[in-house]
There are 2 protein chains.
Amino acid sequence: MIDTALRTVWWEDQACHLIDQTQLPTAFTVVRCEQVEAVAHAIRSMQVRGAPAIGVTAAYGMALAAQQSDANTSVALLADLRQAQALLNATRPTAINLAWATDRMLTLAQQHAASTPAALRDLLLAEAERIRDEDEAMCRAIGRHGAALLRERHNVLTHCNAGGLATAAYGTALAPIRTAFAAGTPLHVYVDETRPFLQGARLTAWELQQAGIPLTLITDSMAGHFMQRGQIDCIIVGADRIAANGDVANKIGTYTLAVLAQAHAIPLYVAAPTSTIDLNTSDGSAIPIEERAAAEVTQLAGQQLAPAGVMAAHPAFDVTPHRLISAIITEQGLVQPPFASGLAQAVAQAEQARQR
Amino acid sequence: MIDTALRTVWWEDQACHLIDQTQLPTAFTVVRCEQVEAVAHAIRSMQVRGAPAIGVTAAYGMALAAQQSDANTSVALLADLRQAQALLNATRPTAINLAWATDRMLTLAQQHAASTPAALRDLLLAEAERIRDEDEAMCRAIGRHGAALLRERHNVLTHCNAGGLATAAYGTALAPIRTAFAAGTPLHVYVDETRPFLQGARLTAWELQQAGIPLTLITDSMAGHFMQRGQIDCIIVGADRIAANGDVANKIGTYTLAVLAQAHAIPLYVAAPTSTIDLNTSDGSAIPIEERAAAEVTQLAGQQLAPAGVMAAHPAFDVTPHRLISAIITEQGLVQPPFASGLAQAVAQAEQARQR
């Protein structure tokens, strides 16, 4: 039995450590990043993935950049931090938590520009640790707020991995599932395998298995069939970015599930911390969708699936319009339609809570 | 450039030969079946798949059973044929073409019960060859009837492989695409990879690439995204069984596409010969859905994708209700809603054509 608080990314012995998620479930490997470049590589190559986990990792990346820097003035250190931020922000475009975290780190440094470089380095590491701790606390709050939704809906479908591995710990979409299951709700989770990266088959199935939560792994194309047969009561997914109007960018395939959910009158819940809400993006059409390498579709673990030379598309995310979403579960509580006001309020509350 | 009439299954040198579709696209291997048991194995293990191709192969299986049999009376030969039919029909339950073909072979033998065993053996082999030839002719007719549908709809999505490899030659869903493309229609085909067997990535992509038809391979979960973006004009799929009311059993994932098509006002066409129509099955709920091994979902080419011990579901087909289907393209022409009368008429026409 795994501790449900298994850490995905953490600071230890002057370096950022993370579970290499490209190796799961066949191998459990920990990557040690001593430089911001290694952190950027880990994010780009999806050794670490999941919007909140990327945010936490990027915060450690900024802390590492500060440690690495040989600047002996705060001005010079800030310049190095700006460079690190640019490097980190360029790794993956869709998840807003990345920019949110690097921005928070840089803003803090700017606010303390009068401090010595050494003091700044300590401050930034402490802030990264705080972002990690907050992320886990947010996930647990999402679990508490979302668990009630599952009281009457025991057959839950989830897509990709919005579990502990996608966050500092505990998960977003899997948080209500963990909390409800721990409280005795007899859940059964349908896990979309989530091609092409198979985060569902590799990571979500692994997490649920470790936690002892009953699951059935399905291919993505089976979701409609099981809804048609009445075997799915609700869907919970995570989010990589939530626009101000409630449109949600999430792993490719989420939109297909949303259309199916509506056709079968099944609620679709999105679970995400307020750091995923981007009030500066008015709607989903403004969210950049990462296009990844075609080889990630045509090959699997070095094995060629499709004929050599075949063209493949690989948008890593899609956008689900807010009209297809029943509720957004944040650490501040449930946000229900109309989303615009509720999301703005949740962000404001989170801001206030942080300043207390 | 491959001959578009590439044969999938054929008779040569006193045996049934077929392309081993589990080896494509990385290897092109031909399997030689000298006994009906080998034919049953080829169908069960999906060395040959696709409803019409299974039908043709099963017909050769019946011919082989007759050749193998050491019966020296027609009565004894008929008994052996009934046993062969039971063996073949048990291999895969969903595609009706299998039972259709073995039934046609057995009925012919019964009609000529007065002949000598030697004469019956010759008759049965000739009938299997006729079923093969008819299948190819039906596919070409489907191509002619369906090509007009693509004149204004150039961006076509297809699922699984209903190409030449799923038939004796030329294909069902790919037939209108081949015919329209040959006539100069500037088509672009989106190919669903079709997990778990990857018939789209392995077979359809290969066939289209060989034919020089532009394609983009996508994961199954991307279909909704590309419809949302207006990049898909219509969908063409094959069928494993069509009930009397027009409900269609086809590769798992077809129903999901049908729901997406309706939500985006995109027509969904089903292309199938009349041998796929089962007037004895009133609606889709009566079609048996094959449940295949979970390992076909959790493993790929011997490689473990999901954690060991994880439960997985593997329904190989789903049922699309007729209300989501725009038209069924048969060799007798287009059948449009309401389907019940049109399908009965198409079957009657095919029967008449065969008796002429």
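H9(B) is mostly covered, with eight of its ten residues buried (under 20% relative accessible area, 1.4 Å probe, protein chains only). Helices here are DSSP runs of H or I, at least four residues, and strands are runs of E, at least two, numbered from the N terminus. The model is predicted: local features need pLDDT of at least 70, side-chain atom pairs count only at pLDDT 80 or more, and totals for chains, interfaces and linings use all residues. Residues are numbered from 1 along each chain, and side-chain values use heavy atoms, without hydrogens and water.

Which residues of H9(B) are buried? Among them are B:Thr254, B:Tyr255, B:Leu257 and B:Leu260. Just after H9(B), B:Ala265 takes a positive phi of about 55 degrees.

Now turn to the partner chain. In chain B, 55 residues are in contact with 55 residues of chain A (heavy atoms within 4.5 Å). The two chains bury about 4,100 Å² between them, 66% of it on carbon and sulfur atoms. Buried area is the accessible area (1.4 Å probe) that two parts lose on being put together, summed over both. In chain B, B:Leu217, B:Ser221 and B:Leu305 lose the most area to chain A, together 13% of what that side buries.

What about charges? The rule finds two salt bridges across the interface of chain B and chain A (a side-chain nitrogen of Lys or Arg within 4 Å of a carboxyl oxygen of Asp or Glu). A:Glu193 forms a salt bridge with B:Arg195, their closest N and O atoms being 2.6 Å apart.

Technical notes. Chains lettered and ligands numbered in written order. Buried < 20%, exposed > 50% of the residue type's maximum accessible area, 1.4 Å probe, protein only.
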